[in-house]
Amino acid sequence: MSNKKNVAVIGYGGMGGWHTRYILDSDVVNLSGIYDISKERCEIAKEKGIHIYPSAEDIYNDKNVDIVLITTPNEFHNPYAIAALSAGKHVISEKPVTMSSKSLSEMIEASKKYNRLFTTHQNRRFDVDYLMMKHIYASGELGDVFGVESRIQGSRGIPGDWRGHKEHGGGMILDWGVHLIDQMLGIIYDKKIKKIYCRCEHITNYEVDDGFKLDLYFENDIAARIEVGTSNFISMPRFYMTGTNGSAIISDWREKAKVVSCKNWAEKDVIPVVTAAGLTKTMAPRDSKTIAEYEIERPESDVHDFYRNFVAAIDGKATQLVTHEQLMRVMKIIEAAFLSDEIGAPVEINDFLTPTKF
Ligand code: NAD
C-alpha cells in the first residue's frame, strides 16, 4: 500500500496548475482533486481527468485528504488555511503566506490549536542562482562580505489581473519581493537586520507597487539591496556580492556564478589607466598576477524536495523547511518596507531571529 499523502488544491489557476503537474509526478504525494470558484478552470481540470470538489467544505470533509494546498489570490490564504487546519488538515499556502503579520499570527495560532502542520511554498529556495550565492557567502571565499545585491527586472509592467489591486494583496513586494527577501535571509543567514529603507515605484500602477528598491542594513555593516522592476528594458545582474577579498556576480539566472578573488592586495607599480577625464591608478583593472578568476558549478536542485520535506515533517521525520519564525520575519520586513516607503525614511527594526542556516 502506498504511504503517499493526499493533497487537494484550492485555486486552479497558473500556480494551481503548476502544483498539480508536480503532484501528479511526485513520489510522496497524490492528487485528490481541486476546487476553484471559476467554472472554466474546473472544466479545464476535469478535461485533464482531475477530480473536482464542488466546494472547499467537500475537501475538508474528505477523510482521505491529508494536505490542503492553497493557490488562490493572496487575500484568501488566511481564511482557507484556518478553515482547513480546523478541519484537521495539514496546510501549505502559496506565497506570500498572507498579507500582514496579524493575519499570519492567526494562521500560526490555528496550526498550534489544531495540531496540524502549516507552511508556505517558498519554492525559490531551490533556485540554482540563489544556491550558488548562498554557497559563496557561507564559504568565506570573498573574505568579509559587505554587500549583496539581488535583482529581478522585466519590462512588461505589473500583470493586469488581481496582482494590480491592493485588496487582493497585489504589488511586487508581495509577489517577487517575498521570494527575494526570503532568499536574502537565507544567504546572510548569520546576521540580524538593524534598519530598512524602501522606495516603491508606480510607473504603470498607482494602487500597488509595480517595483521597489529595498535596502536591508544588517549587523557588521553588511548592506543588502533587493530590487524588483517591471519597467526595465535592460536588466542589471541577477546577483552581485562584494567582500573584503573578492567579488562574485551572476549576470543571469541561467548562468554560473563568476568569482574574482584577490591573491595580492597591495600590488606595487600599478600602471594608471586613461579615463575620459584623465588618469587613474585607483580604478586600474587588476591582472592575473593579483587576482584569481573562477566559476562556481551550478548545483543540483529538485523542487520535489519541498513536498518530500513537508511529508517527512508530517511523519515526524524532519523539521519543516519553511518555519513559522522565518515566515514572520519576512512579513515583518515587508511591513517595515511599506512603512519606510510611506514615511520616506529608514525604519529601525527589532529583528528577532536566532541566526540559523536554512
Ligand atoms: P491565478 O489568477 O492564475 O489563479 C488563481 C486561481 O484562484 C484562479 O483560477 C481563480 O479562479 C481562483 N480563485 C480565486 N478566488 C478564489 C476563491 N475564493 N476560492 C477558490 N478559488 C479562487 O493566480 P496564480 O498566479 O496562480 O497565483 C495564485 C497564488 O500563487 C498567489 O498567492 C501567488 O502569489 C502564488 N504564486 C506563487 C508562485 C511561486 O513561484 N511560488 C508563482 C506564481 C504565483
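This is a dialogue on how to read a predicted protein model.

Biologist: Where do I start, and how many helices and strands are there in the protein?

Modeller: Start with the overall make-up. The protein has 16 strands and nine helices. Its C-alpha atoms fill a box of roughly 75 × 45 × 40 Å along the principal axes.

Biologist: What does the radius of gyration say about the protein?

Modeller: The value is set against a rule for globules. Here the radius of gyration is 23 Å, close to the 21 Å that the globule rule gives for 358 residues, so the protein is as compact as a globular protein of that length.

Biologist: How do I read a sheet, and what is the order of the nine strands in the open sheet?

Modeller: Read the strands from one side to the other, then look at the pairing. The order here is β15-β12-β11-β10-β6-β9-β8-β7-β16, and the pairing is mixed. The edges are β15 (291-296) and β16 (347-348), each of which pairs on one side only.

Biologist: Which helix packs on the sheet and touches β6, β7, β8, β9 and β10?

Modeller: That is helix α7, residues 173-187. Its direction makes about 155° with that of β9. Helix α9 (residues 324-343) lies across β7, β8 and β16, and runs at about 60° to β7.

Biologist: What does mixed pairing look like strand by strand? Take β6: in which sense does it pair with β9, and in which with β10?

Modeller: Follow each neighbour separately. β6 pairs with β9 in the parallel sense over seven bridges. Five bridges join β6 to β10, and those two strands run antiparallel.

Biologist: Is β6 largely enclosed or largely open?

Modeller: Count its buried residues. Seven of the nine residues of β6 are buried, so the strand is largely enclosed by the rest of the structure.

Biologist: Can we look at one residue of that strand? Is Ser-150 buried or exposed?

Modeller: Ser-150 is in strand β6 and is buried, with a relative accessible area of 1%. Its bridge partner in β10 is Phe-239, while in β9 it stands opposite Ile-226.

Biologist: Which residues does Ser-150 touch, not counting residues up to four places away in sequence?

Modeller: Both of those partners are on the list, which reads Leu-180, Met-184, Arg-225, Ile-226, Glu-227, Arg-238 and Phe-239.

Biologist: How many bridges join β8 to β9?

Modeller: Six bridges join β8 (residues 211-218) to β9 (residues 223-229), and the two run antiparallel. As one example, Leu-216 stands opposite Ala-224 in β9.

Biologist: Where does Asn-115 lie, and what is its phi?

Modeller: Asn-115 lies in the loop between α5 and β5 (118-120). Its phi is positive, about 55°, although it is not a glycine. With a relative accessible area of 61%, Asn-115 is exposed.

Biologist: What is the peptide bond from Lys-95 to Pro-96, cis or trans?

Modeller: The general idea first: most peptide bonds are trans. The bond from Lys-95 to Pro-96 is cis, with omega near -10°. Pro-96 sits in the loop between β4 (90-93) and α5 (101-113).

Biologist: Last, how many disulfides does the structure hold?

Modeller: Look at the distance between cysteine sulfurs; a disulfide needs them within 2.5 Å. The structure holds zero disulfides. For Cys-198 the nearest cysteine sulfur is that of Cys-200, 4.3 Å away.

Biologist: Are Cys-198 and Cys-200 buried or exposed?

Modeller: Cys-198 is buried, with a relative accessible area of 1%. Cys-200 also counts as buried, at 15% relative accessibility.

How values were computed:
Residues are numbered from 1 along each chain as its sequence is written. This is a predicted model: local features need pLDDT of at least 70, side-chain atom pairs count only at pLDDT 80 or more; totals for chains, interfaces and linings use all residues. Side-chain values use heavy atoms; hydrogens and water are left out. Buried means under 20% relative accessible area, exposed over 50%, partly exposed in between (1.4 Å probe, protein chains only). Two strands pair if DSSP finds at least two bridges between them. Helices (H or I, at least four residues) and strands (E, at least two) are DSSP runs, numbered from the N terminus. Contact means heavy atoms within 4.5 Å. Axes are lines fitted to C-alpha atoms, for helices over the stretch in contact, and angles run from 0 to 180 degrees between N-to-C directions. The radius of gyration is taken over C-alpha atoms; the globule rule is 2.2 Å times the number of residues to the power 0.38.
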